[in-house]
Amino acid sequence: MFKEMGRTSQAVLVILCVLRTVKAFEMEIIPAERIVAQIGDTLVLTCNTTGCASPSFSWRTQMDSPLGGKVSNHRTYSTLTMNPVSIVNSHSYLCTVICDERGKKEKSVKVELYSFPSDPVIEISPSLVAGKPATVTCKIPDVYPSDHLEVLLKKDEHVLHEKYFLEDDSTNTETKIVTYTFHPMAEDAGKEITCVARLPIADMDFEPKERTSSQKLNANFGPQNTVITASPGNSPMEGESLSLTCVTQSNPPAQIVWSKYLAEESIQHLIKNHVLSIPHVHFNDSGQYICEVINLVTNKTEKATVDIIIQGAPVITKLSIEPSTTVQEGENVSIQCSAESNPPPKIILRRKSDNADTGRYSARSILLPSVVFQNGGDYECVAENKYGNSKSEITLNVKYGPKNTMITIFPTAALKEGETVTMKCTSSGNPAPVISWKKKKATGESEKISENATITLWNLKSQDLGLYECEAYNQFGKEEKAVKLYVQARLEEPDQMIPLIIAFSSVAAVAVPAVAILIYVSRQAKINGSYSLVKALRLKV
């Protein structure tokens, strides 16, 4: 009995196990019920079944439109792949499963689409110029549905423009464009223009629903507010360093050119740099300096100027003699002195050798009409102001022919035959005259006997008697002097016959007849016993 009961229990157990392994015929779609997909992405719908050994799958839309995807059937499931998702996939999809012995089941899922794939693209018109209209454009690519699109344009946190597309009826993706015109200012440089695009769709869960893009403004402006600063100041001392700095407001940075006003409204161009440096200033650096700034983008130019005055002790810039430092007697001569300083100098020009009370003084020049040799010498120019003084010298060299030619005879007492006599010829001139001696021969011709200024006749003899001529010569002329040696008649003293040699001097020719002289000499000799003609003629000639 117990054995039979055991067998029965085993049978029951077997039946129960079989019943537990049989599943009910079910189906599901993954993802379920409602799907939000972005156009351009890939979407896979899976229709899965259980409880059916050989199910049959089919897909369709509620409106029997094209599926817009690829179906792949497997043993227990089927997939509908949409790659990429497009606007034609905006439907409710129905999956039908037929199981022969168990019947048919259907389920649907709704596919809702949107497109918001990328950040906005900002375009700002190039070469923005402050104060002039500029255009900013924001492009939102491939938006769907665009009737929900909201766009804001902001400058930093300030809203410039808003745009809503509520009435847009686009049925596919579109790139939406928002354009705005504004007037950038110089202070806008570096600020950000931001485009904020929003796609707020109720009951659609996707991210992001807001996209932004920003671009910095590069507003070109200027130049403006250009100023020059001078260091150490506008009136440096001569010899100091000077730096002129030109500062301006400009975007892009302006090109800077320095120049200086010269006489007759001409301009001297200096350097292209914002700093003009002069290591050691001189008086001729005084003047008006111009900083010219040029913005090549805005095509604008602005100038600033500064007046620089160099101060200091005088500097003599010119000390000259016209027509030359070496002139010929009789020419017209001008001596000029110039000096520069700030404050202006007092200038005195004079000849150094002149007495302070009687010399020629002039503020800047001395005129010497028909110059004479006495005007030659060193001339001094003195320039002074409260900071000090400066001196300079120049020499006037006056060329002239021989003057003041003189003959000196030694000894001056009466000379006797056999003694020695020395005759010296002197003359002034520039250049120094060349002096030579000649003696008149009996034939009347002159014979050069020496090229020295001094001649000495030793052991005087009768043949040494005659006319001696001294000639002083240079390139500007010549001058002559003459001296004549005579013999006195024989003395009337007994036992004594002492002939005397008499010297007579004249300028170029004998002025007193020789006969009269001899008579006079003879009378004096009888009275005194001897006589010096040189001494006598010094009194009369």
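Mentor: Strand β25 (residues 333-342) runs antiparallel to β27, and 4 bridges join the two. Strands here are DSSP runs of E with at least two residues, numbered from the N terminus, and two of them pair if DSSP finds at least two bridges between them. The model is predicted, so local features need pLDDT of at least 70 and side-chain atom pairs count only at pLDDT 80 or more, while totals for chains, interfaces and linings use all residues. Residues are numbered from 1 along each chain as its sequence is written, and side-chain values use heavy atoms, with hydrogens and water left out.

Within the pairing, V333 faces L368 of β27. The open sheet comprises 3 strands in the order β23-β25-β27, with antiparallel pairing. β23 (312-322) and β27 (365-368) are its edge strands, each pairing on one side only. From one strand to the next the twist averages 10°, where axes are lines fitted to C-alpha atoms and angles run from 0 to 180 degrees between N-to-C directions. In general, strands of a sheet pair through backbone hydrogen bonds, either parallel or antiparallel.

R198 counts as partly exposed because its relative accessibility is 29%, and E210 does so at 42%; buried means under 20% relative accessible area, exposed over 50%, and partly exposed in between (1.4 Å probe, protein chains only).

The ring centres of Y114 and F206 are 3.9 Å apart and the planes meet at 15°, so the pair is stacked. Rings of Phe, Tyr and Trp (its six-membered ring) pair with centres within 6.5 Å; planes under 30 degrees apart are stacked, over 60 edge-to-face, and the rest tilted. Both Y114 and F206 are buried. The charged end of K209 sits over the F206 ring, 5.2 Å from its centre, under a rule that asks for NZ of Lys or CZ of Arg within 6 Å of the ring centre and within 35 degrees of the ring normal.
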